Amino acid sequence: MRALRTRLADRRSGRVVFAPHCLLNENVRYLGGACRPGPVNEWLDRWAAEGVGICQMPCPEQRAWGGVAKPRLAPAYGSRGTPMWPVRRWLMRIFVLYTRIRYAFIARRVVGEMQDYQRSGYRVAGLVGVAGSPSCGITRTLDVDNWLEMVAGAGGNELSSELVNRAVISSARPGQGWFVSAILCGIKRRRIVVPLAEHDLIAELAEPP
């Protein structure tokens, strides 16, 4: 392989970043949470300027929560007064456990891909997270219990994108998201060194429309 790489040298940089799905495609964000029509161009411009390839990680929420629209979250919205309301916290515990198990399988594949790049002579130049995400936060994640109380307690007429985003902003707390945590555990176990960076979802949501 070394001889082939030398003989078949081309213009590739040999550097890649692993990016969260929603930085390249906000259509996969939770309902009400997309601030851009498509990608977050600031990150695309940065990566283009640095000459690194982009490995788009799967959206763990899409994979675990029933698809792009996250239909498995739907019963939580505006559930005050429904049979779900009295047992919402117990259901959330089960939901979180299920999510963590699913995320562990997805993270294992991502870490395996990182290792494949490194074994092939490439440099993994970064793992990018999303501050404020319950899944992809590196330094900040979501207080899911607080978020649940806000969105579940909203009546049908109160429920809006603004309310959902306020719930995310006010529920942000220090900590790692479930998906990033699983990836970092895999990185540590396989002794892979990857620099970390983070997109600030909270700042993005606070931008004027």
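Which residues does Thr99 touch, not counting residues up to four places away in sequence? In this predicted model, the residues touched by Thr99 are Trp65 and Trp178, where contact means heavy atoms within 4.5 Å. The model is a prediction, in which local features need pLDDT of at least 70 and side-chain atom pairs count only at pLDDT 80 or more, while totals for chains, interfaces and linings use all residues. Residues are numbered from 1 along each chain as its sequence is written, and side-chain values use heavy atoms, with hydrogens and water left out.

The secondary structure of the protein chain consists of nine helices and six strands; helices (H or I, at least four residues) and strands (E, at least two) are DSSP runs, numbered from the N terminus. Along its principal axes, the C-alpha trace spans about 70 × 35 × 25 Å. Of the 209 residues in the protein chain, 44% are buried; buried means under 20% relative accessible area, exposed over 50%, and partly exposed in between (1.4 Å probe, protein chains only). Among the contacts with a separation of 6 or more, 77% join residues 24 or more positions apart. The protein chain exposes about 11600 Å², and carbon and sulfur atoms supply 55% of this area, as given by the Shrake-Rupley method with a 1.4 Å probe, for which only the protein chains shown count as cover for residues.

Four strands form an open sheet in the order 2-1-3-6, with parallel pairing; two strands pair if DSSP finds at least two bridges between them. Strand 2 (53–56) and strand 6 (196–200) stand at the edges and have a single partner strand each, so one side of each is left without a neighbour in the sheet. Neighbouring strands of this sheet are turned by 30 degrees against each other on average, direction ignored; axes are lines fitted to C-alpha atoms, for helices over the stretch in contact, and angles run from 0 to 180 degrees between N-to-C directions. Strand 1 (residues 15–19) pairs with strand 3 (residues 123–131) in the parallel sense over four bridges. Within this pairing, Phe18 has Leu127 of strand 3 as its bridge partner.

Helix 5 (residues 88–119) packs on the sheet and touches strand 1, strand 2 and strand 3, its direction making about 175 degrees with that of strand 1. Thr99 lies in helix 5 and counts as buried because its relative accessibility is 0%. Arg93 also belongs to helix 5, but at 43% relative accessibility Arg93 counts as partly exposed. Arg93 and Pro60 are 33 residues apart in sequence, and their C-alpha atoms are 18 Å apart in space.

Ala131 is located in strand 3 and is buried, with a relative accessible area of 4%. Leaving aside neighbours within four places in sequence, Ala131 is in contact with Gly137, Arg140, Glu198, His199, Asp200, Leu201 and Ile202. Ala131 and Glu113 are 18 residues apart along the chain, and a distance of 23 Å separates their C-alpha atoms.
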